[in-house]
Amino acid sequence: MTTSTSAPRSAASSRTPLKQRVGGVLRARETGIAVLIVVVFVAATAKNEAFASANSVQQLLLGASLIALLAVGQTMVIVTRNVDLSVGSVVGITAYVVGMSFRDNPDMPVFLGFLIGIGLGAVFGAITGMVVTVFRVPSLVVTLAGLYLIRGLDGLLVDGVIINPQSIPREFQRIGYETVLGIPVLFLLVLAVVVIAAYVMRSFRSARDLYAIGSNPAAAELAGIPSEKRVFTAFLVSGALAGLTGALFVALYAQVDVTAGRGYEFLVVAAVVVGGVAIFGGSGTVVGAALAALLLNTIDQALVASRVSGFWTDAIAGALLLGAIAFDRSLSLRIARRLRSQEGAHRDV
Amino acid sequence: MSETVVRPEPARAQEPTPSYTGVDTTSKAWWKAGIRWESALVVLLLLTLVVGSTGSENFFTGTTFFFAGLNIGEIAIMALPLLMIVLIGEIDLSVAAMLALSGAVMGVLWQAGTPFGVAVAAALLTGLVGGALNGYLVAYLGLPSIAVTIGSLTLFRGIAQIILPNPTTTPFPSEVATLGVLPIPGTQVPYSLAVFTVLAVATAAFVHATPSGRSLYAIGLQPEAAEFAGIRVTRVRFGLFVLSGLLCSLAGVLFALKNSSASYSAGFGLELTVVAVVLFGGVSIFGGRGTVLGVVLSVAIVAVLQQALTQQQVQAEVQNIVTGFLLLISVLVPNTPAVWRRLRDRVRTPPTRT
């Protein structure tokens with residue numbers, strides 16, 4: 001719907017006039033969100049100087065990291081006109097399993113923790129993807145069922161035994177608090193994933209297929225795109241990223257109980273929608289979604305720092321979400337009108 | 001596999017009955033008409049009753065019935081408008097947040113000394129306004145309902161949190177306080193269940209027996225065609241979201257009475273349960289398919305199951321698993337024949353390309 005999908009660079013695009021390309025960057029959703037982040041940041045700092053302190057900024061980035069990571073996977077799924085509501089439960093159960101593995105094997109190397117998280121998440125993603133593609137059933141229902149099933153399994157597994165920081169090796173926890181040049185390691189890790197995903201989604205043919213499937217499933221099928229395989233892969237990646245998020249959850253909080261990851265599904269979908277990904281597929285970028293996760297967290301923290309009652313954050317986040325959707329709609333209507341009038345002006349182009 | 005052989009058609013009656021896939025207008029063989037999701041639900045309901053009674057001797061008692069009804073009452077009330085919204089191909093995820101918000105409005109006003117009747121009226125008005133907001137954004141601005149109602153779910157609960165940071169402590173007036181916790185005198189029927197029953201009958205009459213109700217199916221199947229057929233699609237969409245807001249606020253009032261206190265966290269996460277109940281009742285998420293009977297049966301099954309599992313002291317986690325499992329089979333089972341045919345065809349048809 002919106003034009004911010006950043007079409008693959010073709011020979012023609014390198015010849016587009018500079019003015020037009022600058023205009024494109026300025027109009028992109030990502031720019032708008034980035035500007036909003038800066039505005040909120042400056043406003044909060046003006047109110048409370050401590051907001052710009054290194055410590056506060058680190059907390060800001062860390063707080064947004066987990067949701068941003070999930071938003072990457074969710075974008076890939078939503079672009080194909082599907083949705084994955086089970087991510088919150090997957091984060092919860094993988095976090096617990098990773099924590100449990102460390103508790104039971106204190107000498108386990110750190111990378112194995114990640115491997116377990118990603119692997120387990122991928123298994124859940126694969127099952128969801130299989131059910132959605134083989135049975136051709138709506139992903140909303142399947143992943144809603146998955147949310148309950150996995151949460152139930154998680155509850156049985158936890159059974160009231162909380163994983164506490166003593167069970168998590170120091171090296172693993174370091175990923176959660178260590179910084180490089182003042183930037184949290186965990187954030188850099190998420191940033192790397194976002195950059196890779198953005199590149200893949202922009203330049204890989206199989207990833208462009210995801211947009212085609214979401215724009216028009218029937219046409220994609222006719223064009224010879226292996227839709228089932230692609231949608232399956234999107235769910236697989238979303239699951240694997242949710243598993244990675246679960247492992248990072250352990251590194252960051254070092255404490256896991258049955259409520260870990262609960263309610264994340266709505267936070268993630270909210271970030272993805274604010275980030276300009278059309279809920280009915282076909283358009284949107286992972287960068288926009290990840291930036292929106294950062295924006296939502298910045299607003300959250302800014303309200304706390306400005307000593308506005310923490311009770312306001314939800315209401316403001318909700319209003320912002322509604323505003324973003326309405327704004328999107330008016331934008332796409334305007335573009336559609338302009339395209340129509342252009343078509344009328346020069347037919348032969 | 002398409003059939004290529006043209007066979008002479010058997011003689012037919014003068015006017016062939018038109019068949020609309022998805023809408024059951026054609027008469028089928030009697031046994032085929034019996035194969036419906038609702039029949040499966042009846043069997044499941046009987047099964048849950050058997051499971052419940054084997055686990056506890058005191059299962060078939062009025063008390064069991066009362067508590068099963070009390071636990072499901074508000075969910076059941078919210079499921080009815082959601083059924084109609086899903087029928088037209090939309091969704092409302094803000095139902096539980098509206099339950100909390102309207103309860104909070106009532107609680108705040110009551111605590112501030114407003115007469116109880118006024119507080120309840122304000123709560124219902126909140127529902128109307130909130131529903132109108134959703135309806136305006138979805139129907140008149142044409143925004144996707146799933147995104148809109150995720151936004152308003154955050155917004156509604158956020159506002160509830162602002163106006164009522166702490167649960168109310170002032171007891172509700174004694175004449176109404178018992179409404180939430182005691183059955184209708186002389187019976188074992190909780191008030192919320194009685195309200196649901198009346199609403200369910202009204203909904204069934206509306207959806208299945210009035211032209212406006214039938215038009216919901218048309219909108220769900222093909223909105224443009226419905227528009228051309230003279231159905232005021234926009235107005236119906238708007239109206240249903242307003243109705244949903246109103247009934248959810250009613251559920252909110254009952255919920256607060258049941259807990260003897262209003263709280264912004266009331267019914268947290270309940271939206272997914274309500275959606276699950278509706279979908280398990282055989283309502284298609286794509287709209288255009290589903291019956292009130294299916295949803296009522298689904299409500300009954302979930303209520304009985306919850307009660308049975310609680311009586312047998314099964315953990316809440318297992319209840320989650322059962323909910324998820326039920327939801328999954330509700331979409332998998334109807335699709336299985338098609339999947340089976342497709343897989344069989346794939347095996348039989350030699351691959352054309354490698």
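Two residues are taken to be in contact if their C-beta atoms, placed from the backbone, lie within 7 Å. The model is a predicted one, in which local features need pLDDT of at least 70 and side-chain atom pairs count only at pLDDT 80 or more, while totals for chains, interfaces and linings use all residues. Residues are numbered from 1 along each chain as its sequence is written, and chains are lettered from A, with ligands numbered from 1, in the order in which they are written.

Helices (H or I, at least four residues) and strands (E, at least two) are DSSP runs, numbered from the N terminus. On that count chain A comes to 14 helices and 2 strands, and chain B to 14 helices and 0 strands. A residue is called buried if 20 or more other C-beta atoms lie within 10 Å of its own, exposed if 12 or fewer, and partly exposed in between, with C-beta atoms placed from the backbone. Chain A has 349 residues, 50% of them buried, and chain B has 354, with 46% buried.

The chains also meet each other: 37 residues of chain A are in contact with 40 residues of chain B. On the chain A side, helix 6 (139–158), helix 12 (264–274) and helix 14 (312–345) each supply at least two of the touching residues. Helix 6 of chain A brings the largest share, 14 residues. By type, this side of chain A splits into 29 nonpolar, 4 polar and 4 charged residues (Ala, Val, Leu, Ile, Met, Phe, Trp, Tyr, Cys and Pro count as nonpolar, Asp, Glu, Lys and Arg as charged, and the others, Gly among them, as polar).

Inside chain A, one helix pair is worth a look. The axes of helix 3 (residues 54–79) and helix 11 (residues 227–253) of chain A come within 7 Å and cross at roughly 170°. Such axes are lines fitted to C-alpha atoms, for helices over the stretch in contact, and angles run from 0 to 180 degrees between N-to-C directions. Helix 3 and helix 11 of chain A are therefore roughly antiparallel (under 35 degrees counts as roughly parallel, over 145 as roughly antiparallel, 65 to 115 as roughly perpendicular and the rest as oblique). Among the residues that meet are L62(A), L66(A) and L69(A) from helix 3 of chain A, and F235(A), L241(A) and F249(A) from helix 11 of chain A. The residues of this contact divide into 16 nonpolar, 4 polar and no charged.

N82(A) sits in the loop between helix 3 and helix 4 (87–104) of chain A, and is buried, with 26 other C-beta atoms within 10 Å. Leaving out residues up to four places away in sequence, N82(A) touches V77(A), V132(A), S139(A) and V231(A). A254(A), in the loop between helix 11 and helix 12 of chain A, is not a glycine, yet has a positive phi of about 55°. A254(A) counts as buried because it has 21 C-beta neighbours inside 10 Å. L181(A), in the loop between strand 1 (179–180) and strand 2 (183–184) of chain A, likewise has a positive phi, near 55°, but L181(A) is exposed, with 5 other C-beta atoms within 10 Å.Over in chain B, helix 13 (residues 292–311) has 20 residues and reaches 29 Å from its first C-alpha to its last, close to the 28 Å expected at 1.5 Å a residue (the expected span being 1.5 Å times one less than the number of residues). Helix 13 of chain B is mostly covered, with 16 of its 20 residues buried. Just after this helix, Q313(B) takes a positive phi of about 55°. A79(B) touches V295(B) and V299(B), among others. In the largest nonpolar core, of 217 residues, A271(A) and A79(B) touch the most other members (a nonpolar core is a set of buried Ala, Val, Leu, Ile, Met, Phe, Trp, Tyr and Cys residues joined through C-beta atoms within 7 Å).
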